[in-house]
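Hi everyone, thanks for making time for this. I'd like to walk you through a structure that may be new to you, so please have a look at it with me.

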Amino acid sequence: QVSRADVEANFLLPNQGHLSENPSIDPDETLKNCGVVRVNQVLSNDTALRLKQYIDQVLDESIENVANFKVPKGFLFANVLEKQNRWDLLLPFEPTSMDSIPLLQALNELLSGPVGSILESTLGPHCELYELSCLISDPGSNRQEIHPDILVQEDGEPVPVVTCFVAVQDVADNMGHTIFIPNTVTIDHQVRIC
């Protein structure tokens with residue numbers, strides 16, 4: 001039996017463009033025109049390593065807290081497709097906690113660099129952080145169905161939200177890359193896949 005993820009992949013992936021950073025094109029324009037933009041090396045290697053260690057620690061503590069009925073699952077994890085060996089971990093945002101230093105360092109690097117500039121030009125200077133989470137896929141997890149992370153807006157309407165994915169480790173081919181498909185943030189495209 002063919003899964004929905006396989007059907008979607010066969011439908012969408014042949015038209016996927018190679019998403020690469022092009023320094024000659026303004027990233028704000030790429031996001032506006034293609035619905036997605038790639039920005040390389042937004043975190044230093046040291047910050048990425050510390051953030052990964054922090055995430056691993058929070059994941060272990062969260063799994064234990066849910067297993068021991070200390071905290072309801074919905075307080076620590078968001079809903080995720082293909083749940084086996086995959087978590088959408090809601091990261092605790094506690095600016096005054098010493099434990100949060102790796103997370104705050106990463107946010108500082110992101111927002112003081114090109115990502116911050118893209119967010120400000122796209123959403124305005126007073127945009128708000130809506131969710132801070134980490135998608136973790138361990139070995140044995142199935143591929144998620146291709147899906148939009150944001151609702152599509154009519155032409156001319158302001159962008160309500162921007163989703164940023166930041167890899168905190170190198171991703172090998174056998175780990176399953178996150179797939180981004182340019183030029184699909186349209187009503188026509190969303191009608192075709194829903």
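Let me start with a question: which residues does Leu43 touch, not counting residues up to four places away in sequence? The list is Ala48, Leu51, Ala106, Glu109, Leu110 and Val166. Please keep in mind that we are looking at a predicted model.

Leu43 leads us to the largest nonpolar core, which has 22 residues. Leu43, Leu51, Tyr54, Ile55, Leu89, Leu91 and Leu103 are the members that touch the most other members. Which elements give two or more residues to this core? They are helix H3, residues 45–67, helix H5, residues 101–112, helix H6, residues 114–123, and strand E3, residues 133–137. H3 gives the most, with six residues.

Now let's step back to the whole chain. There are seven helices and three strands, and along the sequence they follow the pattern α-α-α-α-β-β-α-α-β-α. The chain has 194 residues, and 27% of them count as buried. If we take contacts between residues at least 6 apart in sequence, 73% of them join residues at least 24 apart.

How confident is the predictor? The average pLDDT of the protein chain is 84, and 87% of the residues score at least 70. Confidence is highest in H3, at a mean of 96, and lowest in helix H1, residues 4–12, at 69.

On to the strands. In what order do they sit in the sheet? The order is E1-E2-E3, in an open sheet of three strands with antiparallel pairing. E1 and E3 are the edge strands, each pairing on one side only. Between E2 and E3 there are five bridges, again in the antiparallel sense. If you'd like a landmark, find Arg86, which stands opposite Ser137 in E3. And here H3 comes back: this helix lies across E1, E2 and E3, and runs at about 100 degrees to E2.

Leu81 is in the loop between strand E1, residues 77–78, and strand E2, residues 86–90. Leu81 and Gln144 are 63 residues apart in sequence, yet their C-alpha atoms are 5.9 Å apart in space. Is Leu81 buried, exposed or partly exposed? Its relative accessible area is 34%, so Leu81 is partly exposed.

Compare that with Ser100, in the loop between E2 and H5. Ser100 has a relative accessible area of 2%, so this residue counts as buried. Its contacts beyond four places in sequence are Tyr54, Pro92 and Glu94.

One last stop: the structure holds one aromatic pair. Phe165 and Phe180 form this pair edge-to-face, at 5.5 Å centre to centre and with 65 degrees between the planes. Both residues are in the loop between E3 and helix H7, residues 187–193, so the pair ties together parts that are 15 residues apart in sequence. Phe165 is partly exposed at 42% relative accessibility, and Phe180 is partly exposed too, at 27%.

Technical notes. Residues numbered from 1 in each chain as written. Predicted model: local features only at pLDDT ≥ 70, side-chain atom pairs only at ≥ 80, totals over all residues. Heavy atoms only, no water. Core = buried A, V, L, I, M, F, W, Y, C linked by side-chain atoms within 4.5 Å. Buried < 20%, exposed > 50% of the residue type's maximum accessible area, 1.4 Å probe, protein only. Helix = DSSP H or I, 4+ residues; strand = E, 2+ residues; numbered from the N terminus. Contact = heavy atoms within 4.5 Å. Pairing = 2+ DSSP bridges. Axes fitted to C-alpha atoms, helices over the stretch in contact; angles between N-to-C directions. pLDDT = per-residue confidence, 0-100. Phe/Tyr/Trp six-rings, centres within 6.5 Å; stacked < 30°, edge-to-face > 60°.
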